[in-house]
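This report looks at how parts of a protein structure meet one another. Please keep the sequence and the 3D view at hand while reading.

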Amino acid sequence: MSAYAADVAALARKDVLLELRSRDTLPAMLLFVVSALTVFHFALPAGSSARAETGLLWIAIVFTALLGLTRAFAAEREHGALDGLVLAPCDRSAIWLGKTIGVTAFLVLAELVALPAFALFFHPISWELVAAVALADVGIAAIGTLLAAMAAASRARELLLPLMFLPLVIPVVIGGVGASVAANPGSFLGFLALYDAVFVILCWASFEYVVTE
Amino acid sequence: MIRASQLSKRFGDKRALHGLDFEVPHGGFVLVTGPNGSGKTTLLRLCAGLAAPTDGELEVEAPRGAIGFLAHESLLYGELTALENLDLYGRLYRLPERRERSGAMLERFGLWRARNERAGTFSRGMLQRLALCRTFLHDPELLLLDEPFDGLDAEGTELLHAELSERSATALVATHDPDSLAERATARLVLA
């Protein structure tokens, strides 16, 4: 394993270990996504279109991700550990990548509960929906982690993160809903893949400038 | 090793440092003193590369991995044990025999028995000792220490004195108690 991959693995493992011990992010994400889908189930009138139902699923996914992202750098803020990581001789993008992998893992775990709950409340899930969710997770985690790092340095982080994050993930919701209900999901899945590629490269390259004043 | 010329740092309208000139030669041990708010912490953060000067020039002849930075905060993870914290930093600094090194450092600072306890459960003094372990773990060439004796009891203070006396690293130490390091110091930088 290359030194870079070893750094990323060590940082991602650290995030998983922290969550296993503190259990302050994933349970909240699970509770939120199940609650949101339950509320949507009773709020939506009978005979609603698949497009409307799928749209609500994507809203639940985006806000569940936002909930996780607000806690993404909580452990680093607590004792200033981000400064310690920034001073280490590893490539600073490894900090972003390790954190992004952790965020993606928590989001996938939340969706492992959310998608069956959606199938139970609304309609069966298709492979296109699963593919769209998987692609969206990468983009959401990539841009969300970068923005969470930016917001972590600010006093108004709880306000700043949604303000920056939500407009940037609107394309993910459009692509996700499109891929889930359109007759030709390929173009929407391609759009999500392109979104991922652009934002992964941008975030990977710019993280260094985010963590230094 | 460190050269500053007309170094200034502002935070919005607030001036933290203004027109500072100084030089720390290789192997120098410089005490930084001054009242609260005089910019001691800001100066150390600038030297560590954690902040950029607003004006002036700052040259630090030490690569990122060769700096040992002790801040007001421990820079540790409360949910990780003492040993896990040092092991994580050992990995990121790519230290050979990092586990042995971490263990030896914990023993030196009297934390071996607490090695499997979470840092978040430590007292202020124990956390400062662990932060010192992290700072010295990779044998840094340049030490940037912000109030290193904060929270330490008599034994901890003694251990830190012993550690500093064994090291030949260049050091910039911000302190409100310069007398305690007067013998070791090669110069003083007084911030107003």
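## Where chain B touches chain A

The model is a predicted one. In it, 24 residues of chain B are in contact with 21 residues of chain A. On the chain B side, two elements give two or more residues each: strand E5 (67-70) and helix H2 (82-92). H2(B) gives the most, with four residues.

By class, this side of chain B has 15 nonpolar, three polar and six charged residues.

## A helix pair in chain A

Helix H6 (residues 92-121) of chain A packs against helix H7 (residues 127-152) of chain A. The angle of packing is about 135 degrees, and the axes are 9 Å apart. Because of that angle, H6(A) is oblique to H7(A). The crossing of H6(A) and H7(A) is right-handed.

The residues of H6(A) that meet H7(A) include Trp96(A), Val103(A), Leu107(A) and Leu115(A). Among those on the H7(A) side are Val133(A), Ile140(A), Ala141(A) and Leu146(A). By class, the contact of H6(A) with H7(A) has 11 nonpolar, four polar and three charged residues.

## The domains of chain B

The domain assignment of chain B gives domain 1 (1-62 + 145-192) and domain 2 (74-140). Taken over C-alpha atoms, the centres of domain 1 and domain 2 of chain B are separated by 23 Å.

How many residues of domain 1 of chain B are in contact with domain 2 of chain B? There are 11, and they meet 10 residues of domain 2 of chain B. The residues on the domain 1 side divide into five nonpolar, two polar and four charged.

How values were computed: Residues numbered from 1 in each chain as written. Chains lettered and ligands numbered in written order. Predicted model: local features only at pLDDT ≥ 70, side-chain atom pairs only at ≥ 80, totals over all residues. Contact = placed C-beta atoms within 7 Å. Nonpolar A, V, L, I, M, F, W, Y, C, P; charged D, E, K, R; others polar. Axes fitted to C-alpha atoms, helices over the stretch in contact; angles between N-to-C directions. Parallel < 35°, antiparallel > 145°, perpendicular 65-115°, else oblique. Left-handed = near helix turned anticlockwise from the far one by under 90°. Domains from an automatic or database assignment.
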